[in-house]
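Open the model in your viewer and keep the selection tool at hand. Each stop below tells you what to select next and what is there.

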Amino acid sequence: MRPMTDPVRPFDRRLLRLRRERAAPRLRTGSFLHEEIAARLLERLAEIRRPLPRVLELAAACPRLTAGLAAREGTELVLRLDNVPALLAGSGPAVVAEEELLPFGADRFDAVLGIMSLHKVNDLPGTLAQIRYCLKPDGLLLAAFPGGGTLRELREVLLLAELECLGGAAPRVAPFVDLADAAALLQRAGFALPVADREPITVRYREPLRLLRDLQAMAETGVLAAEARRPLRRTVLMRALELYRERFATEDGRVPATFEILFLTGWKPHPSQPRPLPPGSGEIDLAAHLGRPPGGGQCSRTSGSAGGSKRAANSAQPSRPGARITLRNSK
Amino acid sequence: MTETGNEPPIDPRLLELLVCPLTKGPLRYDRLRNELVSDQAGLAYPIRDGIPVMLVDEARRLREDEAIPPELRAERDEDDR
């Protein structure tokens, strides 16, 4: 049997470093996709009024983002972090490190920001926890990276071509985080006021091959651990590009490539932040407002479930007649 | 200082921010060898062109006699100040 992708460490970070090293000269002149995402991230940052004196920039491959952060009022330090030294050349303080093993002490930064960084870490919950650790209380995490349906056209045609030519398929396009999971991950990592949203960006290419070139230039070609062991054959690639044109080309002959960019925002908890009241402390009876007798809901679970008494099956509903749910607005 | 005479100095603000990525423990700045030393992890992280390289697989493993034992570390830190 072929070795499968390790479900715990799907990405080969060493390979990623090689790819970034190779792509460094082009990345540093600014890839259009990075610039676009950086611009959108800076727009969001502009809505946050307070100064962020000490900022950590993850995967600092976009000069525009660094410049934008440094230009903010009240910024004293923008520390750039990347796993490849070639991307950190130039002026300004910088650190070579892996996002998965951040070398920072507790409560050091007012903000941690980054684009195109968190989609290729093996342990996203662990990385988020480390980011929270090095943020000061009330510090901001703002990250943008591809998620969900990114490159779905390419994923589809590679799968089809490989099935057609070889009768089997290896994973080629990385698994991405879904929007719903992203918010849950933020919460699980202990961020307050977590928000995850997405912005689709569709790039239209004259040729599907140009998409691959672009991905190469951005060091975004596959780094799945299993992939290194099973290279993509030329015939399969050619068939995939043919299928790409057949299935997705529009009237003008161009082919679209979808990037679904997730934006994650979260704050390190601080007493000044708005939060829900403890359960049971509310003063408005929700049941009364909904016009239903308390505890009168329906339960869809059947009574035959393993070892579950009727009482346990009902536990999702208010068990006391006076149970109330209240949310308080920011104070 | 002959070895490191041409090396650009490390930004002093970095020394305040950095810890060992593995242990999250303190680092000792070895000016002579131009390294950041984690006694807890037994690793020395190189500084290249003024940029600390905090990658575990690029770090130098300390010899046993190099690491400062925990009971002496506090004294040593005070000496540095």
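A salt bridge here is a side-chain nitrogen of Lys or Arg within 4 Å of a carboxyl oxygen of Asp or Glu. This is a predicted model: local features need pLDDT of at least 70, side-chain atom pairs count only at pLDDT 80 or more, and totals for chains, interfaces and linings use all residues. Residues are numbered from 1 along each chain as its sequence is written, chains are lettered from A and ligands numbered from 1 in the order in which they are written, and side-chain values use heavy atoms, with hydrogens and water left out.

**Stop 1: a salt bridge in chain B**

Select B:Arg60 and B:Glu66. Their side chains meet in a salt bridge, 2.9 Å from N to O. Two accessibility classes come up here: buried means under 20% relative accessible area, exposed means over 50%, and partly exposed lies in between (1.4 Å probe, protein chains only). B:Arg60 is partly exposed at 23% relative accessibility. B:Glu66 counts as buried at 19%.

Over all chains, the whole structure holds 33 salt bridges.

**Stop 2: the rest of chain B**

Colour chain B by secondary structure. Helices (H or I, at least four residues) and strands (E, at least two) are DSSP runs, numbered from the N terminus. Chain B has two helices and five strands. Along the sequence they run α-β-β-β-β-β-α. Of its 81 residues, 42% count as buried.

Which residue sits in the loop between helix H1 (12–17) and strand E1 (28–30) of chain B? Select B:Lys24, which has its place there. B:Lys24 is not a glycine, yet its phi is positive, about 60°. Most residues other than glycine have a negative phi. B:Lys24 is partly exposed, with a relative accessible area of 24%.

Next, select B:Asp49, in the loop between strand E3 (43–48) and strand E4 (51–52) of chain B. Phi of B:Asp49 is positive too, near 55°. B:Asp49 counts as exposed, at 60% relative accessibility.

**Stop 3: chain A, a buried strand residue**

Move to chain A. Chain A has ten helices and seven strands. Of its 331 residues, 48% count as buried.

Select A:Leu56, in strand E1 (residues 54–58) of chain A. Is A:Leu56 buried or exposed? A:Leu56 is buried, with a relative accessible area of 0%. Show its contacts (heavy atoms within 4.5 Å). Leaving out residues up to four places away in sequence, A:Leu56 touches A:Leu79, A:Leu81, A:Phe104, A:Phe109, A:Ala111, A:Val112 and A:Leu113. A:Phe109 is 53 residues from A:Leu56 in sequence, but their C-alpha atoms are 6.7 Å apart.

**Stop 4: two salt bridges in chain A**

Select A:Lys268 and A:Asp107. Their side chains form a salt bridge, 2.9 Å from N to O. The pair links distant parts of the chain, 161 residues apart: A:Lys268 is in the loop between E7 and H9 of chain A, and A:Asp107 is in the loop between strand E3 (94–96) and strand E4 (109–115). A:Lys268 counts as buried at 13% relative accessibility. A:Asp107 is partly exposed, at 38%.

Then select A:Arg204 and A:Asp252. Their salt bridge spans 3.3 Å, N to O. A:Arg204 lies in strand E6 of chain A and A:Asp252 in the loop between H8 and E7, so the pair ties together parts 48 residues apart in sequence. A:Arg204 is partly exposed at 39%.

**Stop 5: helix H7 of chain A**

Where does A:Arg206 lie? A:Arg206 is in the loop between strand E6 (192–205) and helix H7 (208–217) of chain A. A:Arg206 is exposed, with a relative accessible area of 52%.

Select the buried residues of H7(A): A:Pro208, A:Leu211, A:Leu212, A:Asp214, A:Leu215 and A:Ala217. They pack against several elements of chain A, including helix H1 (13–28), helix H2 (32–46) and strand E7 (255–267). After H7(A) comes A:Ala219, whose phi is positive, near 60°.

**Last stop: a far pair**

Select A:Glu283, in the loop between E7 and helix H9 (286–290) of chain A. A:Glu283 counts as exposed at 74% relative accessibility.
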